[in-house]
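Welcome to this short tour. Please open the model in your viewer and keep the selection tool handy.

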Amino acid sequence: MTTTASSATPAFVAVDWGTSSFRAWLMAADGTELAETRGSEGMLHCATSGFAPVLHDHLGKLRAPAELPVLICGMAGARQGWIEAPYLHTPTRLDALHAGAIRVETEGDVRILPGLAQARADRPDVMRGEETQLLGVTEPDFSGTVCIPGTHSKWIRIESGAVVGFATYMTGELFAVISQHSILMHAVEPNASSEGGAAFRAGLETALAAPTSLTNALFRVRAAQLLGFEQRAEGAARLSGLLIGSEIVDAHARFGAAYPVRLIGAGRLGRLYREALAASGFDVSECDAEQASRRGLIKAARQIWGARF
């Protein structure tokens with residue numbers, strides 16, 4: 001646990017509960033972070049251990065007063081989570097997320113924010129957690145496109161503060177599956193960096209130039225090494241460039257480039273997407289993913305418990 005020196009009074013606890021991670025912040029009414037705690041007790045862990053004990057343990061680490069309300073976003077509200085917080089259907093305003101929060105039958109005032117669903121037979125899609133990040137980095141009248149890299153990357157179109165459409169790409173998961181469970185496991189060194197560089201840019205350029213030839217381009221990663229044109233150390237970066245490039249081409253076709261792209265990223269993956277988006281001709285502004293979640297939870301909490309703020 002980390003703490004911040006402050007005389008501010010705690011107002012609520014913000015929680016980002018993912019599939020494999022838990023993060024919580026003790027927040028003051030003015031948005032000051034007073035303390036934080038994090039762990040690996042995500043939804044998968046809690047399926048056997050329970051959600052309430054994990055939350056109670058982390059509230060103790062934060063030294064949160066017993067009467068303090070808790071607002072949660074993420075997979076705790078999934079069908080396999082603590083309690084299902086039904087999806088809000090697009091189009092929906094981000095500043096209305098709080099209206100879909102579900103109260104948990106447990107000690108204290110604990111609520112979980114809903115996810116978003118694109119309930120279209122031709123393009124069904126869902127998100128949980130990312131909607132709170134979107135709230136955190138947009139203004140009520142925001143119009144534009146947002147990209148959120150990850151295991152399942154999201155591209156979202158927002159018009160006047162409302163999510164009107166989005167698309168999910170299994171880019172990160174495909175990278176893991178292909179590099180560990182396909183013929184390309186022999187072309188990618190374990191734990192090798194997929195950071196930028198010549199190999200990443202080469203993969204990106206191949207995908208941008210010929211996006212429909214992805215499966216052929218993937219095999220060529222292996223063939224190039226067997227024939228001595230490339231080294232195995234370059235495999236991860238080239239594979240990453242191919243997959244991210246393929247995602248960007250499709251997203252460009254769906255959402256266009258009329259607006260700047262707001263990138264919600266962090267660390268190595270955020271840097272890769274920033275480089276790839278810039279190389280693809282997008283005007284990019286970047287926001288930190290963790291700060292986006294925290295800011296979104298603050299905005300929603302102020303709507304729910306306005307008297308405290």
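Start with the cysteines: there are zero disulfides, a disulfide being a pair of cysteine sulfur atoms within 2.5 Å. Select Cys 73, which is in no disulfide; its nearest cysteine sulfur, on Cys 46, is 14 Å away. Cys 73 is buried, at 0% relative accessible area (buried: under 20%; exposed: over 50%; partly exposed in between; 1.4 Å probe, protein chains only). Next pick Cys 287, also in no disulfide, with the sulfur of Cys 147 the nearest at 11 Å. Cys 287 counts as buried too, at 17%.

A word on ground rules: this is a predicted model, where local features need pLDDT of at least 70, side-chain atom pairs count only at pLDDT 80 or more, and totals for chains, interfaces and linings use all residues. Numbering runs from 1 along each chain as its sequence is written, and side-chain values use heavy atoms, leaving out hydrogens and water.

Now select Phe 12, Leu 71, Leu 134 and Ile 156: of the 33 residues in the largest nonpolar core, these touch the most other members. Such a core is a set of buried Ala, Val, Leu, Ile, Met, Phe, Trp, Tyr and Cys residues joined through side-chain atoms within 4.5 Å. Colour helix 9 (289–304), which supplies the largest share of this core, seven residues; helices (H or I, at least four residues) are DSSP runs numbered from the N terminus.

Finish at Phe 229, in the loop between helix 6 (214–226) and helix 7 (235–255). Phe 229 is exposed, with a relative accessible area of 64%.

Terms used:
Helices (H or I, at least four residues) and strands (E, at least two) are DSSP runs, numbered from the N terminus.
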